[in-house]
Amino acid sequence: MASHSHTPKLPHSHTLRWPIILAYVVLTLWAIWALLPLFWMLTTSLKETRAAIKFPPEWLPSHPTLMNYERLFARAPALRWFANSAIVAIAHTFSMLLFCSMAGYAFAKKEFPGKTAIFWGLLSTMMIPGMVLLVPLFLLVSRMGLINNFGGLILPGMVGAFGVFLMKQFIQTLPGELIDAAKIDGASEVGVYSRVILPLSKPALAVLGIFSFMGAWNDFLWPLLITQSKNMRTLAVGLATLQQESMTDYGLLMAGSAVAAIPMIIVFFAFQKHFLKGLTIGAIKG
Amino acid sequence: MRRDSLAKRVFKSRWAYLFVAPAVIHFLVFSAYPIAATVYLSFVRFNLQGNSWIGLRNYQIALAEPVFWRSLANTALYTMVVVPVGIGIALFLSALIFPLRPSAQNFYKGAFYLPGVISAVVVSMIWLWMFDSAHGLLNYMLPTMTGGVMKPISWLGDAHIALPSLMFMAVAGGGGGAVILYLAAMGGIPATLYEAARIDGANRWTEFWRITLPLLKPTTLYLAIMGTIGSFQVFTSIYMMTRGGPNYATSTVVYRIYETAFEFLKLGRASAMALILALIIVGVSIVQFKVLGTEVEY
Amino acid sequence: MRRILILCLACALLAGCRSRTSDQIHIRWWTFPLWSGINGTEKDGTPEDWPRLKIKEFEATHPNVKVDLEVVTWQGGGQKLDLAVLSRTYPDICYLAAVNLKKYADQGILEPVDPYLTPADYKDVYPNVMGLCKYRGQTYLWPWLCNALVMAINLDIVKERHAESLVPKPPERSWTYDQFLQLCKACTYDRNRDGRTDVYGYALYGIPTTVEYQMLTLVQGFGGRLYSPDGTHFALNTPEGIAGMQFLLDLLDKYKVTPPGPAGTQISQVGQMFMNQELATISTSSSIIKSIKMSAERGDFPFFNAAIVQPPHLPGHRPTSLLSVGGYVVFKQEDKRRREAVMEFARFLTNEENSRALSVIGQLPTRKSAGDIYPGDIDMHVVAGLVPAAREYFTAAGPELGSVVNNIYQQIFTHSMTLAEALANAEKKANEIIAREAAEQPWRRK
């Protein structure tokens with residue numbers, strides 16, 4: 001199997017210089033465009049609201065202030081919200097990584113009666129607009145006693161069909177010979193899963209981990225509906241409670257967004273370092 | 001060889017069942033009941049004082065409403081533009097990033113991923129500001145950069161431009177997740193394949209078309225399916241920015257479902273609309289699987 | 001044998017004990033963040049402060065009642081309440097605006113309040129206010145705050161343009177449509193001389209909230225009504241209604257005193273423009289003055305002088321205004337004891353003293369006995385003066401009809417339909433919905 005791209009796949013030759021430069025130019029322009037909203041968010045968080053909606057827009061705050069961040073932490077149990085979001089996101093990510101890879105492996109590499117039916121059954125859960133499922137789901141969850149606690153925040157989302165699908169697609173591309181070889185060496189089913197499939201799926205797991213964490217961290221609607229006390233709220237919901245009147249408090253909103261974004265940036269770089277770089281797997285075919 | 005009996009096959013596959021068990025159990029507990037309830041509700045007139053069975057009437061009403069068809073058309077158009085263009089852009093960007101030095105790769109990966117850390121609500125607000133007729137960034141940049149040639153555009157106020165504006169917003173959002181996914185998948189393609197192809201005299205283009213692209217099919221299928229499912233259910237941007245207007249130009253099916261369920265409290269009709277949409281999505285997904293779903297293993 | 005008897009005795013005693021402690025009534029109270037802190041001025045006040053104070057006061061005088069509070073966010077809060085309703089997990093008492101009554105009453109989950117109102121209560125509240133609290137003859141809302149839709153003028157802009165003479169004079173602050181138009185024209189200009197108009201006289205919007213009042217106030221001054229008094233049909237497609245809507249359209253097309261592209265503008269953006277001093281006038285409620293002050297204190301927007309004036313009227317006619325009412329609804333209770341407790345609490349929350357607390361946010365109390373909570377305040381008196389004759393926004397309209405009305409604006413502002421077409425189309429749709437509701441009769445089930 002290949003080593004991950006430490007070495008470029010293409011030889012460096014002088015005739016290829018200008019496409020590389022062109023690539024850099026295009027990428028840089030696109031990156032600037034993509035980062036624009038983020039930049040705007042950060043600078044707005046340092047402005048007073050009236051400066052935020054000034055026209056023509058000012059790119060850098062003329063009177064930068066930490067006022068919004070102060071308000072954020074002074075008026076609210078922001079730390080508690082942060083912790084809640086962290087607990088929920090971490091638990092969610094863990095369960096997704098474990099259960100989706102298990103199911104994805106089975107769908108990718110195993111044959112069993114009912115496989116197609118079960119797979120499409122799982123997939124179909126994504127195809128019905130969640131809006132209408134909310135009501136019976138909420139009713140169910142309230143009957144299970146999961147309102148306003150971590151159970152209600154974590155359990156309903158523990159396994160997502162999109163994660164199963166992602167892992168299936170990736171594991172599908174792994175050579176079957178690896179599994180056979182491991183079995184010949186006497187590995188158990190669990191062994192094959194943990195010592196062959198999981199390590200080889202690190203890129204997909206990293207991606208799934210990042211997506212899951214982001215999804216859980218930014219989730220707004222479900223935590224809003226299921227939490228009832230101030231201390232149980234997640235960050236996204238808690239920030240919304242600070243919006244009082246019908247007019248948007250842009251400064252505060254952006255400051256909250258910035259604070260909420262930090263863990264995700266950390267998670268991204270952490271996952272990336274561990275899983276996407278320098279992966280060397282012994283080749284079978286030499 | 002004669003096929004084993006069903007019972008024998010089930011027993012032989014017991015490990016497979018074990019591995020899918022957590023997912024299936026979770027589905028049975030948290031999805032099966034809500035879906036069943038939705039199907040039931042689609043056949044009743046919902047009222048807390050007592051539901052009354054009205055058979056297919058909800059479906060009839062939904063399908064007879066011109067607004068529903070308009071919403072369906074908008075949703076389909078939105079999906080047909082956003083998904084292919086989004087995947088195309090992601091593929092293009094990934095192809096540009098992949099040959100670069102690792103440090104450059106990481107930088108651009110980060111640059112395209114970062115916009116995704118902002119919640120959908122805040123993204124909508126930022127774009128709402130960008131699209132603002134009087135004070136928005138776009139209407140400020142356009143006349144300034146073209147020396148007054150281009151006049152300010154009513155991005156969300158013009159019935160012909162509103163939906164394209166939202167499409168633009170969806171596509172221009174960086175596509176970070178897709179880029180990350182493609183790069184991860186590209187990393188899994190063995191270098192030996194490229195070396196063998198080069199020995200056979202292939203150039204970069206051929207390499208890309210004949211090796212990279214086909215081997216990325218599983219990822220492309222995933223992005224196509226997920227993108228379609230997501231785009232067919234677009235809601236947050238509509239809710240935050242246009243409320244389906246102007247004059248239903250940006251009305252999408254899920255927005256109508258939301259309105260029917262949560263503003264009119266007509267849960268029965270909303271359930272019927274949701275199931276109609278689900279059927280369409282399932283149909284489209286099946287087609288996508290047929291086209292892109294050939295097994296790839298190397 | 002003896003042990004069994006002792007066991008039975010113990011159980012009986014325990015059961016007796018439990019029923020005594022279960023004398024406690026738990027009331028679930030949901031409210032929206034109306035103001036922070038107890039007086040609205042505390043620096044670190046939260047929206048929970050005042051409700052918690054009220055709970056303490058009530059529990060002190062009612063020892064067998066415990067109140068659980070939840071302050072629901074504005075964003076998504078309506079959805080949360082709707083979800084609670086749809087899944088039958090609704091609270092016992094909740095703050096609600098009168099226009100939303102039909103939606104919940106039709107589900108049969110609101111407790112009628114009439115048995116708990118006394119003749120003194122009816123005398124204490126204006127009949128039109130009380131009327132908004134009713135739906136199909138039954139009262140469902142404990143009236144607490146009310147407001148009449150008016151207009152606000154940015155006096156600083158007026159001064160800049162030397163147009164002080166055009167501002168209606170106190171104490172009534174009344175003016176005609178022509179005078180309103182003159183002021184708008186005078187105040188629409190290019191402030192920073194960059195070739196674009198920065199300040200406008202008024203702003204139209206195409207994305208209202210679920211219930212559209214504010215532009216409607218301008219329309220109804222011409223004599224048009226949204227619905228017939230008995231609510232059986234749509235009534236805006238009349239000469240008066242057409243004249244009113246045409247006036248709005250003229251503001252956009254003919255006189256150009258309002259920003260272009262209103263079909264994509266949200267009502268919150270209009271409010272923002274006014275606070276940012278880009279609008280000379282705005283349709284609004286009386287709380288705007290307080291909002292300006294509080295914004296300035298928080299540093300969101302700079303302070304500016306504003307005055308409240310009546311909606312413009314046709315010469316020779318009295319001004320009309322639309323009434324809005326907010327209060328508390330009580331959801332259906334299983335037993336009498338609980339119902340009485342919750343009604344007690346509702347009465348407490350809407351009594352004289354707690355009505356006077358409304359001065360924090362610039363709303364008017366519905367109880368005459370609360371007195372004049374804004375002594376000497378000309379602006380608030382203008383509003384208060386309009387309340388007795390303000391027209392009830394038709395409670396039985398419901399959100400489906402509201403959405404039809406909202407679409408008229410979008411159709412005419414994008415010029416995708418002429419005014420005549422849009423109104424005829426709306427009339428057809430609205431009457432269809434009314435007929436369908438009349439046939440289904442969702443309010444009558446059991």
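Domain bounds, as used in these legends, come from an automatic or database domain assignment. The model shown is predicted: local features need pLDDT of at least 70, side-chain atom pairs count only at pLDDT 80 or more, and totals for chains, interfaces and linings use all residues. Residues are numbered from 1 along each chain as its sequence is written, and chains are lettered from A and ligands numbered from 1 in the order in which they are written.

**View 1. The two domains of chain C.** Chain C is assigned domain 1 (25-147 + 324-376) and domain 2 (150-322 + 396-440). Taken over C-alpha atoms, the centres of domain 1 of chain C and domain 2 of chain C are 29 Å apart. Their contact takes 10 residues from domain 1 of chain C and 11 residues from domain 2 of chain C; two residues are in contact if their C-beta atoms, placed from the backbone, lie within 7 Å. On the side of domain 1 of chain C that touches domain 2 of chain C, four residues are nonpolar, four polar and two charged. Here Ala, Val, Leu, Ile, Met, Phe, Trp, Tyr, Cys and Pro count as nonpolar, Asp, Glu, Lys and Arg as charged, and the others, Gly among them, as polar.

**View 2. Ser324(C) and its surroundings.** Ser324(C) sits in strand β10 (residues 322-330) of chain C. Helices (H or I, at least four residues) and strands (E, at least two) are DSSP runs, numbered from the N terminus. Ser324(C) counts as buried because it has 22 C-beta neighbours inside 10 Å. The cut-offs are 20 or more other C-beta atoms within 10 Å of a residue's own for buried, 12 or fewer for exposed, and in between for partly exposed, with C-beta atoms placed from the backbone. Apart from neighbours within four places in sequence, the contacts of Ser324(C) are Ala97(C), Ala98(C), Cys146(C), Asn147(C), Tyr213(C), Ser285(C) and Tyr393(C). Lys368(C) lies 44 residues from Ser324(C) along the chain, with 16 Å between their C-alpha atoms.

**View 3. Helix α1 of chain A.** The 29 residues of helix α1 (residues 17-45) of chain A should span 42 Å at 1.5 Å a residue, and the end C-alpha atoms are 41 Å apart, which agrees. The expected span is 1.5 Å times one less than the number of residues. At Leu36(A), shortly before the proline Pro37(A), α1(A) has a kink of about 40°; the bend is the angle between axes fitted to the seven residues ending there and the seven starting there. Among the buried residues of α1(A) are Trp30(A), Ala34(A), Pro37(A) and Leu38(A).

**View 4. Chain A against chain B.** In this interface, 81 residues of chain A are in contact with 84 residues of chain B. Of the elements of chain A, α1(A) gives the most to the side that touches chain B, with 12 residues. That side of chain A divides into 63 nonpolar, 14 polar and four charged residues.

**View 5. The largest nonpolar core.** A nonpolar core is a set of buried Ala, Val, Leu, Ile, Met, Phe, Trp, Tyr and Cys residues joined through C-beta atoms within 7 Å. The largest one has 297 residues, and those touching the most other members include Ala103(A), Tyr182(B) and Tyr328(C). Helix α4 (residues 78-109) of chain A supplies the largest share of this core, 13 residues.
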